[in-house]
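Have the structure open while you read.

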Amino acid sequence: MTVFALIGAKGLYLLFLWLLSAAGAAWIADRKGYGERVGLTFGLLLSAIGFVIVLLLLPSRPGSAWREEGWLPKRRPGAGLLGGPTMEARGPGLGTHQDQEPGGSSE
């Protein structure tokens, strides 16, 4: 009988650390003007050390979002979860109510 589930919780936490460091390094490298692939490569190959290298040692390019907006982008009013515009609600009863009078009846 072979048991395959011997990794345990520590291995799962290390897997999450590896994946989060790769995603974070890709996001930071993209904001610094290098594209996501550079950060993803550093994050996947070097894990948390690659994230620190991208964060501290990789200089930002002129005109990049890192130099224009800073290290953390500002949230704009009306922006969705990922910073894009939110969609308007559509469907029965969810349209815009510009036609209606303030009293509530639209005759």
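Q: Which helix gives the most to the nonpolar patch?
A: That's H1, with 7 residues. Helices here are DSSP runs (H or I, at least four residues), numbered from the N terminus. Keep in mind that this is a predicted model, where local features need pLDDT of at least 70, side-chain atom pairs count only at pLDDT 80 or more, and totals for chains, interfaces and linings use all residues. Residues are numbered from 1 along each chain as its sequence is written, and side-chain values use heavy atoms, leaving out hydrogens and water.

Q: Why is Leu15 called partly exposed?
A: Buried means under 20% relative accessible area, exposed means over 50%, and partly exposed is in between (1.4 Å probe, protein chains only). Leu15, which lies in helix H1, has 36% relative accessibility, so it counts as partly exposed.

Q: What makes Glu69 and Arg31 a salt bridge?
A: The rule asks for a side-chain nitrogen of Lys or Arg within 4 Å of a carboxyl oxygen of Asp or Glu. Their side chains meet at 3.5 Å, N to O, so the pair passes. Glu69 sits in helix H3 (residues 65-69) and Arg31 in helix H1, 38 residues apart, so the pair links distant parts of the chain. By this rule the count comes to 1 salt bridge.

Q: Is Arg31 buried or exposed?
A: Arg31 is buried, because its relative accessibility is 8%.

Q: How do you know that Glu69 is partly exposed?
A: Its relative accessible area is 43%, so Glu69 falls in the in-between class.

Terms used:
Helices (H or I, at least four residues) and strands (E, at least two) are DSSP runs, numbered from the N terminus.
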